[in-house]
Structure formats: C-alpha cells, structure tokens
Amino acid sequence: MPRDTSPVDRRAFLKKATAAGGAAALAANAGCIGDDEDTDLDDEDDAGDPLPSFEYFNNPEDYNPARHDLINIIAQNIQEVGLDVEVEVLEWATLLSAVVDEYDFGMSTWSQFPGVDPALNITSRYTSDHADEPGTGNYHGYQDERMDELIDIQNETLDFDERVDAIHEIQDMVAEEIPMHPILMEMELMPHRNDQLDGWVDHIEGYHRLTNYVNIEVLDDNPDNQLRGYWTEALENMNVWDHAGLSKHQHLQSALQERVMWMDPDLEHDEELSFAHTIERPDDETIVLECHDGTWSDGEEKNAEDVAFTYQVLIDQTPSQNSTTASFVESSELIDDDTVEIGLNEPLGLSAEALILYPMYVAPQHVWEGVDPVEDELVEDPVTGGMMTVDYWDVGQEIQLVARDDFRLDFEIEGIFWQIIPETATIWENFERGDINYITFAQPSRELYEADQEMDEMSIAEVEGSGWTHMNINMREPPLDEQAVRQAIAHSIPKDTLSEEVYYDYYPAAHSYINPSYGDLHNPDVKQYDQSLESAQETLQDAGFVITDDGAHYPAE
Amino acid sequence: MSKINFAVRRTFQLVLTLWAIATLLFAMFRLMPGDPTTYIIAETMEPEVQEALIARYGLDQPMHIQYWEFLVGIVTLDLGISFHSSREVRGIIAIYLPNTIVLMITALVVAYVFGVILGTIAAWNRGEGSEKSAVFLALLQQSTPSFWTGLIVLWIFGAYLDVIPMSGMTSRDFRPESFFHMITSLDFLWHLMAPALVLAFYMMGYPLLLMRNNMLEVLSEDFIDVCRAKGLKERTVMYKHAARNALLPVVTAGAIAIGYSVGGAILIETVFSWPGIGREMVRAVLRRDYPVAQGTFVMLAAAVVIMNFVADLLYSWLDPRVTYD
Amino acid sequence: MSQQDQSANIFSNLEEYGDADDVDERQRQIRLWKESLGEQWELLTDDRMVIFGMITIAVFGVVAIIAPLLAPYGPTERDTMAMLRWEDPYWMGGAGDHILGTTAEGYDILSQVIYGTRPALIVGLTAAVFCAGVGTSVALVAGYYGGRVDDFLMRIVDIAYGLPLLPTVILMVAMLGPSFVNVIIAVVLVMWRAPARVIRSQVLSLRERPFVQAAQITGASDWRIITRHIAPNVLPLTFLYGAFAIAWGILTEAGVSFIGLGDPSQVSWGTMLQGAHTNNALTHGTWWWFIPPGICITLVVISGFLIGRGYEEVTNPALRNER
C-alpha cells in the first residue's frame, strides 16, 4: 500500500506535551472517587452492598508489552469509575486455558482474527449451548434465543442480503449486551525495504498469503530476488495436517502448498490462485469443484484426485486442526479427471467456502496414502504442490525456500529465506543493514515508529485486518452479570488514547464486532461508547446503582 | 574397602539418584495446576478427536501405567513426542545439545585455564595487593548476573561498536555441510567468541578461588618447607610442587562443573540467541510442551548426576589419600 | 569431597571455661553462644572486605525499610494524564523530575530501583535463613546420630546434588506459578544440600572429640549435646552458607525474572531488567534503565559472597592472610 494512505501524521511521540490533549478520558485524578469534582456522588444512605470485585487477566509483559500496558491502563480507569477490578498477571498458556477451557475468569483481553469469513467465530462464540460446556467457545456465557436464530440464518442462507441483515443485527446485540467489546482494530502491517520490494496487495489476511507472494515485485537492490525475513523460534514440522494454526507455518505453507481455494482482496473466490478454479453449488448440501492440474515437486502428477483424497482423509481421520471442517463433510467423490463432488451433512450457505474450502491444503495422495494418523507425521522434506519448495532447512537456525519453475503461475520472487532471530534488537539491526528486507511479524512498537520516522528505506504496507484487540467478559460473574456494569466498563475504555499512546496510532479504535474490513458485513451504526468516566458513572447511576466515596454499590434494600 | 567396591556402590547410588529425580519430575508434572491435556486440545475439536489426542500422548492411561512407561522411556531413551511439533524429544535434544556443549566446553576451558593461573598467582602473593584484587575479581565474576554482563557486552560491542554479531551461531549465507565443518569454521568462532567469553567470565571465579584456597593449604604443609630447604627455586616450588598438588580438587570440580553448566548456560543462550538445549527447555516450559520440558530436564539432571559420579571416581583414582568409607 | 574435615576447630575447648556449679544452666548456654559469636565477629571484622559487605547490605536494608520515604513515586505509579514514556533523566535534559528517567510504560526508574531493594532482600534473606537452617539441622541430625539416619539423609542430599539449580527453579516456578515464594522454595530445595553435606562431616569429627564424649558419659541428653557442644562449633559454616545463599537467592530470582518467569505483580531488579530487555532499552541506548538494577544486584550479591568468604577464613585458618 502506498505511503499516502497511511496515517501520515503519526503522533510525534517525543513531544510529550501533546499527550495530555488526547487523554481527556483519563482526566480523572488517580485515587479515590471523591477527588474528582465532576463525579456526582450519591447519598450514602441509599447504598446497599458494594459491588463484588472481579479479576481482569493480564498477559506477562514480555509476552506482549503493549497489551500488558493497555490492560493496566483500562483497569486503572475501571477502578476510577468505582468498580473493584483486580489485575492478575498469568502466564499466557494458563491465562488462555482458564478462559477458553475452564470459563473461569472475570475479564480478559487479547487479539483474535476471525479470518476470511466471520461465520466460524460467530457460531463458536455465541451459540447458547456452548455456554454450558467449557471448552466449546462461548466463554462469555452469553445465551439468547434471538442470537441462536441469527447464527443459523447467517450460516445457512444462500441470499447475501439476508446474511448481511443477520450479521448486522448480531453486531447490534453484541454492542448492547457486551459479552465482548472491541478496543482496537488490528491492522496488518508490512514494514519492508522499499529499495528491495514493492507491489504488496492489501488483503484482510495480511501480506503472507499467495496473493502477495505472486504479486510482490523485486527491485534492483535486492541481491538475490528473495523475501528475507525472520521468526523468533524454530520451525519444526512442515506437515500440512498439523499446526496450521501457527502463523509461522501458515506463512510458509502458503508458498509451499496449494490450497483448494484462495480468496482475492474482495473476499471472492480467486480462480487463478485456487487449485479449484470453478466452484458450483447444485444445492446447499453439495459443493462441486473443478480443479487445475500440474506436478508435485517430486515430479508426480497433481490433479483433482489429490483433492478428493484430501477430503477423504478428512472424513476417515478427522485430523484435529481440521475437525470443524470435517464435522460438515460427509462424502468426497471424484466425478471425472478434474471434478470433485463434496457432500455435506447439513445445509451450508454462503459460509461454506470459508468453512469447507479455504482451510484445506491439497495433500499429495501418493505421499499420504496409507498414513494414519496423518497428523502425527514429522515432515522434514515436504513434497510441495505450491510455488516453492524447501531448499535448505536447519531446524534451529534457518529455512530457505526456492521457487519451482513448473508452477502454473508467473511471479517474481525467487525464494523466501527466514532466519531465527529471537531478539527484536537484532531484527531491526539486520533490517537496517538490508540483510532482512521485511519485518515478518510486525507489531506497533517504538522500534517500528522510529524506523517509520527516520528510515528512508522503510515503507509500511498496511490494511485493516480481520481481528481486534478486544475485551472478553464473563457474564456469569457478578457484578459482570449486570448489563449496566458491562456498559460502564465499555464507556471507561480510553480507546483513542490507547491507540495513540500505546500503539503509536498504528491501530485505530474499534467499535463493532465485525471489522470494516469485511465490507458489507460490517455494521457502521452500532452503539458507540463515550470513552468517558462520567458516562460510565451515569450509566451505573441510571441503572439504579449507587456511587459513593468508596465505589459502586447495589441499591439499598 | 576396595576401589572396585567403591565404584559398584557409587554406581548403585547413581541409579538411585536418577530414579528419584525422575520420580520427582513425574510427580511434579501431575501435581501442577491444570491438566496437561489443555494445551493439546482446542475448543473447536470434536469430542472424539480430543479423546484420540489424549490417547496419543498416553494421558488416558491410569497413573501407575503412565509412571511405568515414563521410567521405561527414560531407560530406553524414548522420551516421547513433542506436543508442539510432533518431533521426538530425543531428536530435539540431538539438535540442540551439541550447540550447548560446544559453547560450554569452550567457556569451561577458558575459565579453568585462566582461573587456575590467576588462583596460583594469588596464593603465591598472599597478603599482597595482587592477591586481594584477584580474590575480589573472582567474587565480582560470581556476583555479576551473567545475562546482564551479556547485555552490556552486546550493547557496547554489538550495537555500538558493531564488531560482534548480535545473535545466532552462524552467518546467514554460511551453510555448513556438517556439524564438524560448522564448529571448525571461522564464522562460527566469530559468533562463539562473545557468549563463550561472557560465560567464561562468570565461571572463572570458582576455579580461581578454589585454586587459591588449595594452594594456601598446600603451602602450609610441611613438604613445601622441605622443598624450600632443599634450595629449589621459588618458581619451581610454586609450579612443580605446590600447584600440582593443589590442582587435583580443581580437576574434579571441573568435571562437576561440566554437569552443572549444561543447564547453567540458559541465560547466556537467551541473551545471545544461541540455539542451545537450555533455551529450548525454557521455551518448552513457557509453551507447556511437557514432553520436551520433561525430557530436557531429565537430560540436564542426568548430566549433573553422571558428572558428579565421574568426578568421584576420578578423585578416588587420582588421590591416593582417599579412603572409601 | 569435603576438605573442611581437617580444618582447625576454634571452639573445641569451650567447655573448660565454664564452671558448672555457680552458673545457671541457661545463662551458661547463652554465654557459650555469645562467646562463639563474639570471637567469630572479631575474626570477621578484621577483614575490610567483610566490613564492606556488611555495610552494603545494611545500607540496602535501610533503603528497603524506608523505601516509601526515599522514592519520589510509587513503583508502578504513573500520571495517566501526561504519560511520560521513555523520558530521559532530567540531568540529561529530560522533561519532568525523573532523576533516572522513566521506563517504556512511564514508571519512574529511580523509584523502581529503590522499591526493588525489598524483594531482593526478602528473597535473599529468606532463602539464606531456610537454606542454612534446613542444611544445618539435617547435618546435625545425620552427623550426630550416624548409622541409618545418616545414610538415609545423605542419600537425600545426593539426590539434591543431582538437581541443576536454574533448570529446577524454572521448572518449579513454571508449574507452581511465578511468585517470590515459589522462587524461594525452589532455591532452598536445591541449595540446602551444600551446608548439609559439609556441616555433617564437621559434626562427624566433632562427635569424636573428647569434650563431646565427656558430655555423653555424664549423661547429657542428645538435644543438649547438639545445641550446646556441637551447634556452636558449626555456626561459622552455617553463616558461611547462609551468606552464600543470599547471593544465590538474589541471582536466581534475577535470572528467572529475566527469562520471564518472575513475580509479575512485583517490581524487582530482575523484572526491571526483563522490562528493559523486552522493550529494547539496549538498542535505544537508554542505559539508565538497565545499568542501575544490574549494579544493585552485583553489589548485594558480592556482599553476600564477601561475608561468606569471611566465614570461610574463620573456619579454615590456612586461608587467612597472615603469612
């Protein structure tokens, strides 16, 4: 993306004085409520029991410094509203497991990326049944019949407008009820050497997918016509049936393997890039695919048979990473040399592409036939069907991919090289020297901001991604079971200040559950919150809660 | 008691210790809060998939069977499969352990050579300023957090002067054909220098003090006076007689240090991004990859126990005064 | 491999000073302990390096106690209005009144260094007390009773010797949760072994001394013999390992925090260094963030070692400096 569409006027971060202007939401004095003259305190006689305290989980600082800071600032604001929040720092895996597997938390904040289509996220998060069974996704404990209806409609309809309406209504409900609340929109950032690389294509999935790999232009100063990046820890296994959830693997698999379907930047089926160039829906329980053909990196023929085989493995083995897809697929049949018919066990509408086709890499039948379970294999020398193949791989050190000349598409880059560099300092050092030419996993940070200001050779391609940094609320836990309390919390989040102060203006404030990056699916008119402590307190008071010197109380009996 | 007898008893003790540590480890992993299965299972998985995964890692077996299989696994060096990468744990150890060993041996050799020399000089000049400075140096070396020294070395020589690489073991375009080819290359040496010297700086304090103390004890013994009385040159007395006798405990301490420093290099590996076994263990712990965490820990502990064993045997072999009780 | 066995025992003849007839039992005991300690104190304070160590620890101790009076800000206090992040020290032209500048989050570095004294000393001293206490108790029991008890306890010591310090602490903290208490538990679990083994061999030789055997013949209880005749004599060794444990405790806490397994709710020197490291203070050249905590760690740790060395020379006269 050209420079001029990016927020050019990044906050001059060293000019401290300007910060106060953006911090209006934080204007309340630290300390007790009574210090703040704007607060309209209630009569103590009206006060009943104080609202119970609740926990706000925070990740350790080194896991994600910016988010750690963001949570501390929000918690400070919630405290100033008069709610008793306790920040608890948990090691990341423990935190995730407490929320996702045990539903045992008050509030938590992290980032999530629903991907090319929000259907899966919506279904998993808000289906009422999922609230009763820990580990199934509805950790908010949000149960609503209308929501269940809407989930079914958006999953099953083949009518685009009907789907849009349903998803808009879902966003309105989420904004009102606040089982979750988005804070900042995650931008996909691609800082790169503008003397070596160009031609980035904005895509909701970011810049590490085939769409970009075939379009990237190589400039004169790029010594070996490669993408040269880094990862902070070892790459361990190139098995397409395992670990697709890890971005480091997805980024490389996108170059190494064919996918049944790719989406273009408009989120439509990309006929060129997808192995299935034609997708037909004879009815809502059938998908018919017509496929390209070609060769695998070991010279064997690559065709529709491999696709039929891939789905057959799904049916026979249900590999864990694809178990959601597998739960919908009932049959897979080769109709003729280049046509495959996939039968579903329940009606799926427009969401079928994202659920059934997009997640699947085509697996070579001649390699995987007879392997069971496929996901347990350690693959060190993968047979690839995509644009590249593995040239050199030292697990603890580096990996080098090289272009295959018998791939069906034309492209400029001749290879992808990744070195394992755990230290941020070293990453930027190498970037300045041009040894690496793209910041593979960029996050808003002082390093990024300063390079953006000072380094002429760096440009940043950026596009709105599919995810947000957001707040999860456990609606089972008092006082978070009260809608007014959740709304007060939403009011107290200083989104603009956080965007400016902590994320250097790279991530803008987010308001709706579905990001604008989804185009028509996004609802621009959801309820917005004021980023104001006063509004937060008013919301509580309007709902009958009593705020005194020592915080918020239930009304007296 | 004979030497053979001592060796047999010591071997028995070695096995007992390893067993106890393995058992401790097994118990610890089952006591911890949360279930090891939570890492490997995702919310979107179907129940039967979840069960299959649990069975794959043997977590559905009753506790005593898991325990038995764990012990058998250790004996047969089959340490299980990583949750994270599906690699065999022993394969992972085979990748990272040699890197640590090279780093560690280099540092140990430097530390012990210089430590012994400085310790000898310090003892010889006892009561003088140079002794005090040597002792103080040794204490300073032990007191400065090694990772902090590493940070400062990186800050000055890496970021500021740009004369040492900031991280890693080899340069980008260097593709060694074999491990041996790699460690004998100049490029590797250039990368090895800073972490090895920082580690050596930290490890040097101990042999220095030990050598000094042993020297002082030896020098207070009668035979030194006899040597002097014979009219031998001071230098000869110092190196040939005193230092030689004082060296034995340092040698065995060195053997023990090999065992401990395999795990002790963790911080240096972290600072210099050295792809070693310690860093791998920390990473496994942080991402709850229990088979790898368990396997690497058993390996690190075994290194310690075995080197202690070797040191004991070495000591009994070399020192005629040792009795075996 | 205990070289301490032959070391001279400076209190072996204490018994002869006492006059059992005119002094009350308890007073006698107190006097005995007092004398032992007093004598050690004199030997110790002969050494200027020991004095330096003691003064340093005392100064840090005072700082820890009066931290709220000294520190201009709270350790995690920040002005959410202005949020001075990455501020230079004010004597280098930084805005605000931050003597050592501020961190990436806008916390006052000097205040963090001052408050960091508390966890360092708490971890160090607690680890010291428990290491030395557990180690000495085990040694006294094993050495005095001998036989099966000794065998059993020494096998446990052998097992503890099989545990590599840092990996064990990392594993335990990762499992029990990152907190100072768990760091201390882990350090003690590993480090009690050295005093246990060394002091035990000392006790073994003390048990054979005439004054102990005399007491046994007169029918003194085991408890009395241990506390009165043996314990005072191993005290210098107890202090020696206690002092070393201060050093090990603090170094370990710093190392574990640096890896990211420190107590996340507390500001310690280790977590400061970790914060500086994760926020790349190194490349930004903000040395005022990562130099002071390192110096403080080194100072306290070296003080522990210096005091330990002092005791080592008390217990082993061959090491003393006089020619």
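Reader: In this model, are Tyr241(C) and Phe244(C) buried or exposed?

Author: The model is a predicted one. Both Tyr241(C) and Phe244(C) are buried in it. The term rests on a cut-off, since a residue counts as buried when its relative accessible area is under 20%.

Reader: Where do Tyr241(C) and Phe244(C) lie in chain C?

Author: They belong to helix α10 (residues 222-259) of chain C, and because they are three residues apart there, about one helical turn separates them.

Reader: What is the relative accessible area of Trp200(A), and how does Tyr207(A) count?

Author: Trp200(A) has a relative accessible area of 9% and is buried. Tyr207(A) counts as buried as well, at 1% relative accessibility.

Reader: Which residues do ring pairs link into a cluster?

Author: In chain A, Tyr126(A), Tyr142(A), Trp468(A) and Tyr513(A) are joined into a cluster by ring pairs.

Reader: Which residue lies over the face of Trp393(A), and which over the face of Tyr161(C)?

Author: Arg87(B) lies over the face of Trp393(A), at 5.8 Å from the ring centre. Here the arginine belongs to chain B and the ring to chain A. Over the face of Tyr161(C) lies Arg197(C), at 4.0 Å from the ring centre.

Reader: How does one read side chains of opposite charge?

Author: Such side chains can pair when their charged atoms come close. The structure holds 24 salt bridges over all chains. One of them joins Glu169(A) to Arg146(A), with the closest N and O atoms 2.7 Å apart. This pair links distant parts of the chain, as Glu169(A) is in helix α6 (residues 160-177) of chain A and Arg146(A) in helix α5 (residues 145-156) of chain A, 23 residues apart. Glu169(A) is partly exposed, with a relative accessible area of 29%, and Arg146(A) is partly exposed at 33% relative accessibility.

Reader: Where do Arg446(A) and Glu450(A) lie, and are they buried or exposed?

Author: Both are in helix α14 (residues 446-454) of chain A, four residues apart, which is about one turn of the helix. Arg446(A) and Glu450(A) are both buried.

Reader: What can be said of Glu312(C) and Arg309(C)?

Author: Their side chains meet in a salt bridge at 3.4 Å, N to O. The two residues lie three residues apart in helix α13 (residues 287-315) of chain C, about one turn of the helix. Glu312(C) and Arg309(C) are both buried.

Reader: Which residues are linked in a network of salt bridges?

Author: The network links Glu429(A), Arg433(A), Asp435(A) and Asp162(B).

Reader: How many helices and strands does chain C have?

Author: Chain C has 13 helices and zero strands. Of its 323 residues, 62% count as buried. Chain C exposes about 12500 Å², and carbon and sulfur atoms supply 62% of that area. Among its contacts between residues at least 6 apart in sequence, 73% join residues at least 24 apart.

Reader: How many residues do chain B and chain C bring to their contact?

Author: Chain B gives 57 residues and chain C gives 49 residues. The area buried between them is about 5000 Å², and carbon and sulfur atoms give 74% of it. Zero salt bridges are found across this interface.

Reader: How many residues of helix α13 of chain B are buried?

Author: Nine of the ten residues of this helix (residues 277-286) are buried, and the helix is mostly covered. Among the buried residues are Ile277(B), Met281(B) and Val285(B). The buried residues pack against helices of chain B, including α5 (89-124) and α14 (290-318), together with α6 (165-176) and α10 of chain C. After α13(B) comes Arg288(B), whose phi is positive, near 60 degrees.

Terms used: Residues are numbered from 1 along each chain as its sequence is written. Chains are lettered from A and ligands numbered from 1 in the order in which they are written. This is a predicted model: local features need pLDDT of at least 70, side-chain atom pairs count only at pLDDT 80 or more; totals for chains, interfaces and linings use all residues. Side-chain values use heavy atoms; hydrogens and water are left out. Buried means under 20% relative accessible area, exposed over 50%, partly exposed in between (1.4 Å probe, protein chains only). Rings of Phe, Tyr and Trp (its six-membered ring) pair if their centres lie within 6.5 Å; planes under 30 degrees apart count as stacked, over 60 as edge-to-face and the rest as tilted. A charge sits over a ring if NZ of Lys or CZ of Arg is within 6 Å of the ring centre and within 35 degrees of the ring normal. Contact means heavy atoms within 4.5 Å. Accessible areas come from the Shrake-Rupley method with a 1.4 Å probe; for residues, only the protein chains shown count as cover. Buried area is the accessible area (1.4 Å probe) that two parts lose on being put together, summed over both. A salt bridge is a side-chain nitrogen of Lys or Arg within 4 Å of a carboxyl oxygen of Asp or Glu.
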